[in-house]
Each structure stands twice: as C-alpha cells, then as structure tokens.
Amino acid sequence: MNDLSAMELPRTGIWLNAAPSTLQDYRGRPLVMAFVNAASVWCSQRLAEIAQWQARNPGRLQLLVIHVPRFDFEREPQPALKLLRRHGVSAPAILDAQWEIWRKFNVEAWPTLVLIDAQGQERERIVGSATDLERALNGLCEGLMRPLDVEGETREINAEPILPLRFPAGLVATDERLYVADTGHHRILECLHNGRVLRQFGVGTADMVNGSAAEAAFNRPQGMALVRDVLYVADTGNHALRRINLVSGQVDTLCGTGRAGDPVEGVLSQPWDSQLNHPMDVVVADNQVHIAMAGDNHIWSYDLGSRALRWRAGAGANEIRDGSGHLAAFAQPCGLVAVQQVLYVCDALGSAIRSVQLRGDLVQTLVGKSVWEFGCEDGERTQARMQYPLALALGAESPLLWIADAGNGSLRTLRLGGGVLSTVDLPRRLHGPGALALAAGVVWIAETDAHAVLRFDPATGELSDVPIDG
C-alpha cells in the first residue's frame, strides 16, 4: 500500500461543481479517485457502476472525479462539466487541464480508480474495466462499523437548471412530427414542429420496463429510427434495443438485459439472450436494425425477421483502421445514417466519418486520420478536420451529409462522392450538439448541453428555438 498522507491535489486543478477541498479533508472516509475522460463511454460506464454501488451502500465512501481531457474543447470548465453531467455524474469533479494530477499520481490509462482507505492509505488501483469492482469497493469499506454521516459528503453545487428538456441526445423528424429523446429525463417525446408535446413514452425515471406509454421506462435513451409506425430506440443506459409501436403506444425490448456485456451472435429466442454494450444510435436498412455500439467499438445488426444478432464490423480496438468487416476498427461509433446500401458512421473519439458497405461490410474512412488527430479545418476530406462529432443526418435524395461537430460547436456538411467538408454559417456557436434530423426542408438540432432543440433553415440561415412544452 502507498501512503498518500504526503500527497495532495495540485492547486492547478479546477473544481467544476464543488467547493475546493484537499485529500486531508477526506480522512476518515474511504475515497475513490476516478481518473477519467468524460468523452469516453468506457469511463462513463465505470462511473455509473460506482454510482450504482453507492446507491446500494449510502454513506460508505466518497467519489472524486478527476477529468483529464483528450480534446481541446474539454480543457474549458463548462464543456467538461457538461460532458460529465450528460452521463448523470453528480460527484465532485476536478478538471485536470494540464494533466498535473494525472502525472503526480502516476496514472497511465483511462479509466483508473485509486482506492484510498479511511486512514489515507492507497489500497488498490483498478485500471480499465476487467476487475471486479463490487469486490474492491466492499473491501475498501470493510471494517467500517456503520455508514458515515451522509451530510459529511462533498455535495455538487451549481446544478443544471430545471427545464423541460435535459440533455436531449436523439431526434427523428417527419413532415409533421418531431420525436425527441429527452435523455436526461429518461423519456421519448412526440411533438409537433412548433414544440407542442402530444405524447410521452416512459415514466421519466431510469428503469427498464415494457408496457404502455405511461408504464414503460427507459434509461438515458439516445439515437432513434422511425420505420412506418414503429420507432426503434437505442436505450443507452439500459444497454438495450427498444421498440415503440406508435399506433398502440406499447414499448417492448428487442435485445438487451439491462446491463452492459458482450453481445452474442445468433438467433435470439428471447430479448435477454444477449447483452449489448452502450448502443448509441440505430438505423434501419434491409429489414435490419443497425446499431452503433460505442462500448465495444463494433457495428452490430439485428434482423427484424429472424431476430438474429450479427457482428457486422469492427475489431474492438479503439482505432481508425479501414478494411473488411472484423478487420476494420472504430473509435467509439455513436451516429448512423443509411442510404443505397451504405452505412455512414460517426466515430466520436476518432473525430472521423466512416462508411460501411452493407454488401461485403467494407469499411472506409471519409474524414479523419487517427484517434489523436482533430481540429476545425474545412476543405478536401483528406485534409479536413473535426473534433468529437456526435451525430449525422442525410436527406433522402441529397448527397449532402450533415454533421454535428460537438467539439467545435458547429454544424458541418460533407458532400458525398469525394466532396469537401464545410462549416455551415450559423448566427452563433452551438453548445454540444448531439443529434440531427432533416424534414420539412429544415435541419433539426438537439443542442444537448443547452437542453434545447433548434430549427435551422438552410435557405434563410435562420436559427431558432423549438419551445418544447413538456
């Protein structure tokens, strides 16, 4: 064990959502220092597992999040905090913009958990996600006679405002309707284009329940796909593929158990016969639901006829690598569109746009170089750069791919067929755009960090709020 009594947090760390404190202030209470990157779904999943343990064991330990940035935009306090809160993180968090805390504690990889006992001694380090976290946390708190005073825990300050939407991260638009994944409120809204809410699917609390619109429950739903009267949902927090029958209002589960895990290929006699791992978006083509699985860096397909789950593309490594099917590699795929037997994939950590040929599963890179190359340059696609793009949209007959470039707070377009990447001239910068949709001649934008939905008219350049009233 390492004695951390002489170790302290550098003064350069920026406290994002709590009053500054020192490690000495935590003496007497077990502490978990979680070194994470908030843009990474693997890190967010680890934080979610700790939060679940804390909910079962209130007052047993304190979690302290150390956010270490990968991208330039994460070095700013507000975007960094928004990334954490998107994932439901409310624990005290420090922005380690210059990686000084990382170096001082000799951390080498995301996520790393430094477990410190009540006497200030380092008991264990957990790197990655392979170690049994339940065992480690139980061991850290072993010997505590009773839960410590919950009032002594460090509390979050300056919480997000209470608004009708909370971190919306999924959109589907038709000529008359707008479907919004109100991610932070764990529900799906059916709206008119003017923002009036017609129906709500989900009770609004994080759970995994099938049933009517008023009985069902989701957990941080994100990407959606509409086919006739059926809305398919990437229920990200439940690691599941869900389905809403818009005629009856019934919600059911096609695949997933509610917990993250390795998917199982083959025909599923029951939805719970296979786990999923952080599905973030879905699109339907050839009677199959294609899934951007950010948790395992794969593209999966679920056949609606045979109920077969298939590993389509991606080797699992966090890389930008072209090739055929399982030989290729993605870097946190999070957005999908499909047209003419081609999937277009948004790779968040690779700041890249990829394509997958549905006949042959050949993967190619349209924009992007590697997981450590990003920027904000327009031009020929081989030279252009983005930063942490999160969503795509494509018109039925247009060769123009719309891109939510979240890290740059901008809307970009890529002309398919060898064209250039361009930045759309907007009246203002966007705050963490996380979803796009095209319908009725306009671009609908989920301005995720601002808890809003926007309407952009390409013909006039007007950008306006959609006043969701739910």
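Which residue of β15 does Arg242 stand opposite? Arg242 faces Thr253.

The model shown is predicted: local features need pLDDT of at least 70, side-chain atom pairs count only at pLDDT 80 or more, and totals for chains, interfaces and linings use all residues. Residues are numbered from 1 along each chain as its sequence is written, and side-chain values use heavy atoms, with hydrogens and water left out.

View 1. Strands β14 (residues 240-245) and β15 run antiparallel, joined by 4 bridges. Strands are DSSP runs of E, at least two residues, and helices are runs of H or I, at least four, numbered from the N terminus. Pairing requires at least two DSSP bridges between two strands. The hairpin leaves 5 residues between its strands, and Gly249 in the turn has a positive phi of about 85°. Strand β15 (residues 251-255) is largely enclosed by the rest of the structure, because 4 of its 5 residues are buried. Buried means under 20% relative accessible area, exposed over 50%, partly exposed in between (1.4 Å probe, protein chains only).

**View 2. Helix α2 and its packing.** In helix α2 (residues 77-86), 7 of the 10 residues are buried, so the helix is largely enclosed by the rest of the structure. Among them are Leu81, Leu84 and Arg85. The buried residues of α2 pack against α1 (41-56), β4 (62-67), β5 (93-95) and β27 (389-394).

**View 3. Gly407 in its loop.** Gly407 lies in the loop between β28 (400-405) and β29 (410-415). Gly407 counts as buried because its relative accessibility is 2%. Beyond its neighbours within four places in sequence, Gly407 contacts (heavy atoms within 4.5 Å) Phe73, Gln387, Tyr388 and Arg429. His431 is 24 residues from Gly407 along the chain, with 9.0 Å between their C-alpha atoms.
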